[in-house]
Amino acid sequence: MKNFIVRTLVAISLSALMFAQAPAAKQSKTFAKPPAMSPAPPPQLGPVALRGGKLLTISHGVIENGVVVLENGKIAAVGGAGTAIPKNARVIDCTGMTIYPGLIDSSTQLGLTEISAVDMTNDLVETSDEIMPHMHVSDAFHAESELIPVTRMNGITNAVVVPASRDTLPGQMAFIKLDGRDKDDMLLIRDISMPLNFTGRQRRNESFNTSRYPSTRMGMAAQLRQAFIDAQDYAQKWDDYNKKGADNSKDKKDAGSPPKRDFRLEALIPYLQGKKPVVLTASEPSDIKTAMRLAKEFNLKVILGGIAHAQMMVDEIAASHLPVIVGSIYDIPDTNERYDIEYSWPAELVKHGVKIAFASYDSHNVRNLPYAAGYAVAYGLPYEEAMKALTINPAEIWGVSDQLGSLDVGKTANVVVANGDPLDPRTDVKRVFIAGRDIPMVSRQTELRDEYSK
């Protein structure tokens, strides 16, 4: 028996040595890309014309048998069958297809997480403090995430990346495109906004032994108020110092020493000055009212988000003239709410004149964004408004409507070609163009599908 064990160990050692010395090519991953899709598409050297499809322009109606010309990363022409096509254009026949602008997801965690159960792949939020406005998701964004190709294959071309909602002020959000050479190319706006979370989940009262301030909503509000007051005081000290320096330009010594820099307070100043919006996320009416009073006290520029259970406040929300990022349509209704309240809430908001945008509030299932709009249409939201809430509305809310959100000449060529209605789960997206680049329709999921379907 002893000799058998020795011989076995020797055999295993020799096998390991032979494997280690094997050529690198034999150690490659076991799955392969589809043969037709494996090479990256060549650079777009000339214009591309999408001809014969049904154009959902968003801004100027539907064009049957239309033409869209893409050139130098922009939309060069949009029109009917008679639209001029450059002689050197690569013409793609889109007969029977639907062509529409790339979709925009207004709240995701793309690039901040990969495998939820593996901590080292998660950079969702810094939980060492509740007030962390000087955190930037752009610093943690992982451009090589396998979740990004999965997402863009369903027509989503842009997204807002948001830190997790564990803190009241968890950091600053970024606006990205879902394609690029690297992280710097994909981050279009690094600090576009900041979440202000007031849902009650930010309380530090998980247990009696670990409870700490703020363990109540009172504490959350007081902590936020103190942070804003401290930031105002910090800004005033710097204004006074800079003014003294200007008044005594000949003798800088008279200005005294500059205030000590505080990144936490410095990050709040653009928001207190109304230069950037905060996304005020709350759910219950009492929380919304408390947070709104706080925002009004400090003149914050507000976008409402996640107000899933505020139906009784619809008139107040409409009167505020604030845009709303609709909460997840898959939320469970409260015990005193109708079963379909989440599905019909977008229609109710639009009926009252509120501008809405859809968001997945997800990372692994961002691709399902258009189906949330589809549910809302089934429960009363006009189809045109649903498409706007995926395209031009978020573009306007985030201040990028001059570049994104519709099929208009001069805008970035983020264009989707699909074989059916964008909101229908049965529809297949056939082509996605981001800044004019024809994106390979390949993801980790398609690779695994092709490998295991052999």
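Arg90 forms a salt bridge with Asp438, and the closest N and O atoms are 3.6 Å apart. How exposed are the two partners? Arg90 counts as partly exposed, at 34% relative accessibility, whereas Asp438 is buried, with a relative accessible area of 9%. The pair also belongs to a network of salt bridges, in which Arg90, Arg431 and Asp438 are linked.

Arg338 is exposed, with a relative accessible area of 53%, but Asp340 is buried, at 9%.

In the other, Arg190 and Asp184 meet at 2.7 Å, again taken from N to O. The side chains of Asp184 and Arg190 are also joined by a polar contact of 2.7 Å. Asp184 is placed in helix α4, residues 183-186. With 52% relative accessibility, Asp184 counts as exposed, because the cut-off for that class is over 50%. Arg190 is partly exposed, with a relative accessible area of 35%.

Eight strands form an open sheet with mixed pairing, in the order β6-β7-β8-β9-β10-β11-β12-β13. Which strands stand at the edges? They are β6, residues 103-108, and β13; each has a single partner strand, so one side of each is left without a neighbour in the sheet.

Within this sheet, strand β8, residues 173-177, runs antiparallel to strand β9, residues 187-197, and three bridges join them. Ile176 stands opposite Leu187 in β9. On to the next pairing: β9 and strand β10, residues 277-281, run parallel and are joined by four bridges. There, the bridge partner of Leu196 is Leu280 in β10. At the β13 end of the order, strand β12, residues 324-325, pairs with β13 in the parallel sense over two bridges. Val324 has Ile356 in β13 as its bridge partner.

I now come to the aromatic residues. The structure holds five aromatic pairs. In one of these, the ring centres of Phe228 and Phe298 are 5.1 Å apart and the planes are at 55 degrees, so the pair is tilted. Phe228 lies in helix α5, residues 217-247, and Phe298 in the loop between α7 (285-297) and β11 (301-305), so the pair ties together parts that are 70 residues apart in sequence. Are these two residues buried or exposed? Phe228 is buried, with a relative accessible area of 2%, and Phe298 is buried as well, at 4%.

Tyr343 and Tyr375 form another aromatic pair, and this one is stacked, with 5.0 Å from centre to centre and 10 degrees between the planes. Since Tyr343 lies in helix α9, residues 341-351, and Tyr375 in helix α10, residues 369-378, the pair ties together parts that are 32 residues apart in sequence. Tyr375 counts as partly exposed, at 36% relative accessibility. Tyr343 and Tyr375 form one aromatic cluster with Tyr330 and Tyr379.

A word on the backbone. Most residues other than glycine have a negative phi. Asn299, however, has a positive phi, near 55 degrees. Asn299 lies in the loop between α7 and β11 and is exposed, with a relative accessible area of 60%. Tyr361 also has a positive phi, near 50 degrees. Tyr361 is found in the loop between β13 (356-357) and α10, and is partly exposed, with a relative accessible area of 33%.

Finally, confidence. The mean pLDDT of the chain is 88, and 88% of its residues reach 70 or more. Over residues 1-43, however, pLDDT stays under 50, and the model has 19 contacts beyond four places in sequence for that stretch. Where pLDDT is low, the predicted coordinates should not be read in detail. Thank you for your attention.

Terms used: Residues numbered from 1 in each chain as written. Predicted model: local features only at pLDDT ≥ 70, side-chain atom pairs only at ≥ 80, totals over all residues. Heavy atoms only, no water. Buried < 20%, exposed > 50% of the residue type's maximum accessible area, 1.4 Å probe, protein only. Polar contact = N/O pair within 3.5 Å; in protein donor to acceptor, adjacent residues only side chain to side chain. Phe/Tyr/Trp six-rings, centres within 6.5 Å; stacked < 30°, edge-to-face > 60°. Pairing = 2+ DSSP bridges. pLDDT = per-residue confidence, 0-100. Contact = heavy atoms within 4.5 Å. Salt bridge = Lys/Arg side-chain N within 4 Å of Asp/Glu carboxyl O.
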